[in-house]
Amino acid sequence: MNTGKTLVMYRSKTGFTKNYADWIAQELSCDLRDGRKVKASDLAAYDTVIFGGSMYMGGILGVKFILKHMTQLQDKNLIVFGVGSSPAGQKTEDEVIGRNFTASQLEKIQFFYFPGGFDFARLSSFNKFIMKNVIKMLAKKADKTPEEQIMLDNYENSYDQTSVENLAPLFAKLKE
């Protein structure tokens with residue numbers, strides 16, 4: 001993949017996605033921008049656009065901006081990554097893809113999922129409220145999935161699964 005001029009943009013609430021965006025931008029020696037500060041007109045200057053967003057309830061924060069401008073991005077290399085607290089693996093990746101993209105969008109987008117972390121203290125007041133209610137509901141649920149049990153087990157403990165090594169598949173794709 002000839003990346004040409006590259007932009008890495010991200011949306012991160014607790015910093016885990018920003019970690020990955022920073023590492024990608026460093027490796028590629030390219031532009032790095034907070035996704036909230038990027039305008040559609042800014043995208044024209046780039047050959048490759050890499051967008052990363054934090055995962056919330058299966059959705060990728062900020063990905064609607066990319067999807068809204070798919071026509072404008074048609075001639076670009078387009079990579080999207082999601083960062084969440086679920087364990088990495090094909091099942092997680094398939095679920096995220098199914099909730100965020102159509103089949104036609106996936107013809108243009110190369111998607112990656114990277115494990116993030118959890119730090120309750122970094123959440124906004126609103127997200128703390130939501131998380132407390134989700135945990136209460138999960139605690140009452142009789143037949144928890146393995147992912148739900150992991151969420152319950154980790155709720156009171158901060159953890160960080162981010163690692164530059166997790167980016168190996170993305171870097172390999174860029175070298176094709």
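1. In this predicted model, phenylalanine 101 is buried at 8% relative accessibility, where buried means under 20% relative accessible area, exposed over 50% and partly exposed in between, with a 1.4 Å probe and protein chains only. Phenylalanine 111 is likewise classed as buried, at 5% relative accessibility. The two rings form a tilted pair, since their centres are 5.6 Å apart and their planes stand at 55°. Rings of Phe, Tyr and Trp (its six-membered ring) pair if their centres lie within 6.5 Å; planes under 30 degrees apart count as stacked, over 60 as edge-to-face and the rest as tilted. Phenylalanine 101 belongs to the loop between α3 and α4 (103-106) and phenylalanine 111 to strand β6 (residues 109-115), so the contact ties together parts 10 residues apart in sequence. Helices (H or I, at least four residues) and strands (E, at least two) are DSSP runs, numbered from the N terminus.

2. The conventions are as follows. Residues are numbered from 1 along each chain as its sequence is written, and side-chain values use heavy atoms, leaving out hydrogens and water. Local features need pLDDT of at least 70 and side-chain atom pairs count only at pLDDT 80 or more, whereas totals for chains, interfaces and linings use all residues.

3. The structure holds 5 aromatic pairs. One of them joins tyrosine 20 and tryptophan 23 edge-to-face, at 5.5 Å centre to centre and 85° between the planes. These residues are separated by about one helical turn because they lie 3 residues apart in helix α1. Tyrosine 20 is buried, with a relative accessible area of 0%, while tryptophan 23 is partly exposed at 25%. Tyr20 and Trp23 also belong to one aromatic cluster with Phe81, Phe112 and Phe114.

4. Two charges sit over rings, a term that requires NZ of Lys or CZ of Arg within 6 Å of the ring centre and within 35 degrees of the ring normal. The charged end of lysine 13 is placed over tyrosine 56, 5.3 Å from the ring centre. Arginine 122 lies over the face of phenylalanine 16, at 4.9 Å from the centre of that ring.

5. The lining of the largest pocket comprises 41 residues, with Met57, Gly58, Ser85, Ser86 and Met151 nearest the centre. A pocket is an open set of points on a 1 Å grid over the protein atoms alone where a 1.4 Å probe fits, with protein on both sides within 12 Å along at least five of seven lines; lining residues have an atom within 4 Å of a point. Helix α5 gives the most to this lining, with 8 residues.
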